[in-house]
Amino acid sequence: MFCLVAVSDDSQKATRCHMESPVDPSDAWPELAPDYEQARSKEDSLDRLVEWPAQRDILGDVTERSVLDVGCGNGGKLAELVGDGATACVGVDVSGNFLSAPPAGLEFIRGDLNELDSMSGLAGRTFDRILFLQSFGYAKDPVRTLQTARAMLADNGFILLSKTQPIRYAVERAEQNKTSLGEEYFSTARFSYLSSWNDQITLRKRPYTISDLINVFGAAGLWIETAIEPQLSEDARRRYPHKQAWMNKYLGILIFKLRPHSAQ
Ligand SMILES: C[S@@+](CC[C@H](N)C(=O)[O-])C[C@H]1O[C@@H](n2cnc3c(N)ncnc32)[C@H](O)[C@@H]1O
């Protein structure tokens, strides 16, 4: 049996879900995390070439800003933000695969992003920036998770959320299932991904459309200040044509800068 999750990288192959599994998709991460970080650190990883540069650009000047990174992985992105002047930063991740020597001003909490509101290390705290970078798909109740994060925003704070283009999965499944893009994009059936970071692990994914995402943001009392679909730079296109070929086919990720509606 397999079934599982979603990651933005191109190093996964979609497989058909032969059996529904009751297993929580997050359960795979304690085992998968080191393989993910190894793939992410490669010279030609899309996180390195496209995703993190675009995410970092939207964050702007983080001097004296507090940052909560939800689903932070090993915390490397947060450590970079601390190096750029961010303070009082917290990374939360279910895997516990954190940097062994985080810089001063950065702490990690091993925990479930579905329980942000009951995490003692977050009680009473607010943050200038709250990040969900390729982790929001693990929210069991996406509206509630964003409402909880929204309540932790400091004045003038925002949420930065990145998510894989849902069209990417639709293209893959249409090829595998010999169906059409539209059939797969609007399908509500769960599907699975076999991780090439660890071929013993399969991740199950809940399908979503772009309008699903936008409606979740609205229901959580958030509005989209900026949305971007980052692409490779000209230089990276020349150096890594295989990555450009992947982007041409699967589009990449969506990044949203979300602000709270003041009335809610
Ligand atoms: C695709 S990785 C992204 C990591 C990092 N945000 C980045 O941009 O490189 C997804 C992360 O979500 C974490 N994750 C999955 N389910 C989670 C949960 N229920 N609670 C907290 N973290 C979770 C995983 O452990 C993993 O580190």
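Author: Two residues are in contact if their C-beta atoms, placed from the backbone, lie within 7 Å. The model discussed here is predicted.

Reader: Which residues does Glu184 touch, not counting residues up to four places away in sequence?

Author: Glu184 belongs to helix H6, which spans residues 181–185. With residues up to four places away in sequence left out, the partners that Glu184 touches are Ala170, Arg173, Ala174, Asn177 and Thr179.

Reader: Is Glu184 buried or exposed?

Author: A residue is buried if 20 or more other C-beta atoms lie within 10 Å of its own. Around Glu184 there are 22 other C-beta atoms within 10 Å, so this residue is classed as buried.

Reader: What distance separates the C-alpha atoms of Glu184 and Glu172?

Author: Along the chain, Glu184 and Glu172 are 12 residues apart. Between their C-alpha atoms, the separation is 8.9 Å.

Reader: Where is Lys178, and is this residue buried or exposed?

Author: Lys178 sits in the loop between helix H5 (166–177) and H6.

Reader: What is the phi of Lys178?

Author: Most residues other than glycine have a negative phi. Lys178 is a residue other than glycine, yet its phi is positive, near 55 degrees.

Reader: What phi does Ala88 have, and in which strand does Ala88 lie?

Author: Ala88 has a positive phi in a residue other than glycine, with a value near 50 degrees. Its place in the chain is strand S3.

Reader: How many other C-beta atoms lie within 10 Å of Ala88?

Author: A count in between the limits of 20 or more for buried and 12 or fewer for exposed makes a residue partly exposed. Ala88 is partly exposed because its count of other C-beta atoms within 10 Å is 17.

Reader: Which elements each supply at least two residues of the shell around the ligand, and which gives the most?

Author: Two elements, H1 and strand S3 (87–93), each supply at least two residues of that shell. The element that gives the most, with 4 residues, is H1.

Reader: Of the 21 residues around the ligand, which come nearest?

Author: By residue type, the shell around the ligand comprises 10 nonpolar, 7 polar and 4 charged residues. Of the 21 residues around the ligand, those that come nearest are Ser26, Trp29, Gly71, Gly73 and Tyr138.

Reader: How far apart in space are Ser45 and Tyr240?

Author: Ser45 lies in the loop between helix H1 (29–40) and helix H2 (46–59). It is partly exposed, with 19 other C-beta atoms within 10 Å. Ser45 and Tyr240 are 195 residues apart in sequence, while their separation in space, C-alpha to C-alpha, is 9.8 Å.

Reader: Which residues does Ile130 touch, not counting residues up to four places away in sequence?

Author: Ile130 is part of strand S5 (residues 127–133). It counts as buried because it has 26 C-beta neighbours inside 10 Å. Between Ile130 and Leu153, 23 residues apart in sequence, the distance in space is 7.3 Å, C-alpha to C-alpha. Apart from residues up to four places away in sequence, Ile130 touches Leu68, Val70, Ala149, Met152, Leu153 and Ile159.

Reader: With which residues is Leu160 in contact, leaving aside its neighbours within four places in sequence?

Author: Leu160 is found in strand S6 (residues 153–164). It has 20 other C-beta atoms within 10 Å and is therefore buried. Leu160 and Arg56 lie 104 residues apart in sequence and 9.9 Å apart in space, C-alpha to C-alpha. Once neighbours within four places in sequence are set aside, the contacts of Leu160 are Gln55, Ile58, Leu59, Arg129, Leu131 and Lys257.

Reader: At what angle do H4 and H7 pack, and is the crossing of H4 and H7 right-handed or left-handed?

Author: Helix H4 (residues 142–151) and helix H7 (residues 210–219) have their axes 8 Å apart and pack at an angle of about 45 degrees. H4 is therefore oblique to H7. The crossing in which H4 passes H7 is right-handed.

Reader: Which residues in H7 do Pro142, Val143 and Leu146 in H4 meet?

Author: Pro142, Val143 and Leu146 form the H4 side, and these meet, in H7, Val216, Phe217 and Ala219.
The residues of this contact of H4 with H7 divide into no charged, no polar and 6 nonpolar.

Reader: How many buried residues does helix H9 hold, and what is the phi of Leu251?

Author: H9 (residues 241–250) is hardly covered, since the count of buried residues among its 10 residues is 1. Leu251 follows H9 and has a positive phi, near 75 degrees.

Key. Residues numbered from 1 in each chain as written. Predicted model: local features only at pLDDT ≥ 70, side-chain atom pairs only at ≥ 80, totals over all residues. Axes fitted to C-alpha atoms, helices over the stretch in contact; angles between N-to-C directions. Parallel < 35°, antiparallel > 145°, perpendicular 65-115°, else oblique. Left-handed = near helix turned anticlockwise from the far one by under 90°. Nonpolar A, V, L, I, M, F, W, Y, C, P; charged D, E, K, R; others polar. Near = placed C-beta within 6 Å.
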